[in-house]
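Open the model in your viewer and keep the selection panel at hand. The stops below go from one selection to the next.

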Number of protein chains: 2
Amino acid sequence: MGVKERKERDRVDMKELILNSAHQLFLSKGFEEVSIRNIAEAIEYSPATIYLYFKDKNEIFYALHGEAFKKFNQYMQSVFTIKDPFKRLVAMGEKYIEFTFAHPKYYNIMFIAEAPMLCEESSEGWIEGGRALEALESIVAECIKEGQLKKQPVKVLAFTIWSYMHGMCSLELRDRMKHYTEEEREGMIEKSFKIFIHLLKNQ
Amino acid sequence: MGVKERKERDRVDMKELILNSAHQLFLSKGFEEVSIRNIAEAIEYSPATIYLYFKDKNEIFYALHGEAFKKFNQYMQSVFTIKDPFKRLVAMGEKYIEFTFAHPKYYNIMFIAEAPMLCEESSEGWIEGGRALEALESIVAECIKEGQLKKQPVKVLAFTIWSYMHGMCSLELRDRMKHYTEEEREGMIEKSFKIFIHLLKNQ
DNA sequence: TATTAAACTGAACACTGTTCATTACTTTTG
DNA sequence: CAAAAGTAATGAACAGTGTTCAGTTTAATA
C-alpha cells in the first residue's frame, strides 16, 4: 500500500525537476526572460503540465527566491568566525557587496524584483531571508553591547545599515551610476563603504 | 516654403500626443503594464504608427524617465530657500522620501526599473537626473566647508547619502520589509532617517 | 479484465512587441 | 489641373508570452 507514498515522492521529484530546470534557465537568461515554455521544453513536458505542479510562473520563481537566500546565508557563514563584532559587521558588509556582484540574478529576485514577493509571507523564502536580517541585528546588538556602536534601537540601526548596503548595490546593479566618469566610478563603492563604516564607528 | 517646418511641427505634436497618452496610462497602470496597443488605442491610431515616431517601447518610457526627473527637481526646489546647508540637506532627504511615496511609479523608472536605462547617456533624462545629483553634491560641499560635515571626498559622501536614501525607499517600495511587524514598520523610515542624520552629523 | 482515478497534452484564448507590404493622403512637378 | 513623387498610416502577420481546459493516455484498483 505504498502507492500513495510513492506518488507523493514522484510529485516532489517532478516539482524538483521543474525547479532545477527553471533554476538553470534563470541563471543563464535572467528573470523575466525565462518562459514556462522554455522550462517545459527543457524537461520535455508540455507547458500545461507545469501548471499541475505550480500555480503560476510566480510560484516557480518564488521557490528560487528561497534558494537565493539559502546561498546568501551560506555566503555569510564565513564571517561568523570573526570574534570582534564590529569587524564581523564590516566583514558582513564586504561579503554583501561580494555576493551582490557575484550573483546579480539572485540579488535581483531577493531584493529588487517585484514579482516573486506577492506570495505567502510565512514560507521558506521569507524565513531564510529573515535569518539573514536576524544575523545582522544580533551583530548590531553585540556591537552596541560592547560599546562599538552608539546605543540605539537595534532594529532601526540594522535597517539603516541594510538600507545603505542595498541602496549602493542596487544603484550599481541597475546601472544608475552613469553620471560618474569611469574614473570616479572606479572604486566608488569601496570608498563609500569605508566612509559609511567611519560614520558608524566615529562617535 | 513653410511646409517642411509645419511637417516638423506636426511630427513634434504627434510625438507629444503619444507621450502624453503613454504618460497618462503609465501613471494609472504602471510600467510593464502599458502596451503599445494600449497607447495606440488611446490616441486612436494603429500600433504600427507609433513606430514611425519612436524606435521602440523603451524609447517612449525613456522620455517619461526624463519627465519624472523634471518633476523630482521641481519637488526639490523648495528646499533651496533654506539657508543653513545641513538643514537643507536634511530637508532634501525628507523631500526625497516624500517624493518616493507620492510618486512611486516615477521613482521606479528613475531609480529601479532596468528597462529605460539602455539609452544614450547624454540626453534629457540623464541631464535632468544629473542636476539632482549635482544639487546634492553642492550641498554636501557646503556642509563640509561650513564644518557641519567631516572633510571627505564630496562625490563619495554624496553617493553614500544617496545610496542610503535609495536603499531605504526602494526596500519599502519593493515590499521587502515584511520581516517587520506592523508595529515595527510603523515609522521605521522616519526613525532610521533620524539615526542616519545623527551618524552624519555627530563627528 | 473492466472501471475508476490520476497524469498529461494539444489546442486554444487573449495578450505582447515589432515588422512590412499595401493603401491613403499630401505635396511637388510637368 | 493631372500625373508623379513623397510621406503618413495601417492591416495583417510573425514569433512570442502566461494560462486554461476538454480530451487523451497511463496507471491503480475492484
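**Chain against chain**

Select the boundary between the two protein chains: 39 residues of chain A are in contact with 39 residues of chain B, contact being C-beta atoms, placed from the backbone, within 7 Å. This is a predicted model, in which local features need pLDDT of at least 70 and side-chain atom pairs count only at pLDDT 80 or more, while totals for chains, interfaces and linings use all residues. Residues are numbered from 1 along each chain as its sequence is written, and chains are lettered from A and ligands numbered from 1 in the order in which they are written.

On the chain A side, colour helix H6 (104–112), helix H7 (124–145), helix H8 (154–173) and helix H10 (188–201), the elements that give two or more residues to the side touching chain B. Helices here are DSSP runs (H or I, at least four residues), numbered from the N terminus. Which element gives the most to this side? H8(A) does, with 13 residues. By type, the side of chain A that touches chain B holds 18 nonpolar, twelve polar and nine charged residues. Nonpolar means Ala, Val, Leu, Ile, Met, Phe, Trp, Tyr, Cys and Pro, charged means Asp, Glu, Lys and Arg, and the others, Gly among them, are polar.

The same surface serves both copies, as 100% of the contact residues of chain A recur in chain B.

**The DNA strands**

Select DNA strand D and the 18 residues that surround it; the closest are A:Ser35, A:Ala48, A:Asp56, B:Ser46 and B:Ala48. A residue is near a strand if its C-beta atom, placed from the backbone, lies within 6 Å of it. Helix H2 (36–43) and helix H3 (47–50) of chain A, with helix H1 (3–29) and helix H3 (47–50) of chain B, each give two or more residues to this surface. Its residues divide into nine nonpolar, four polar and five charged.

At least two residues each come from helix H1 (3–29) and H3 of chain A and from helix H2 (36–43) and H3 of chain B.

Select residues 154–173 of chain B. The 20 residues of this helix, H8, should span 28 Å at 1.5 Å a residue, and the end C-alpha atoms are 28 Å apart, which agrees. The expected span is 1.5 Å times one less than the number of residues. In H8(B), 17 of the 20 residues are buried. Buried means 20 or more other C-beta atoms within 10 Å of a residue's own, exposed 12 or fewer, and partly exposed in between, with C-beta atoms placed from the backbone.

Just after H8(B), select B:Asp175, which has a positive phi of about 60 degrees although it is not a glycine. B:Asp175 counts as exposed, with 10 C-beta neighbours inside 10 Å.

Then go to B:Glu44, in the loop between H2 and H3 of chain B. Its phi is also positive, near 60 degrees, and with 9 C-beta neighbours inside 10 Å B:Glu44 counts as exposed.
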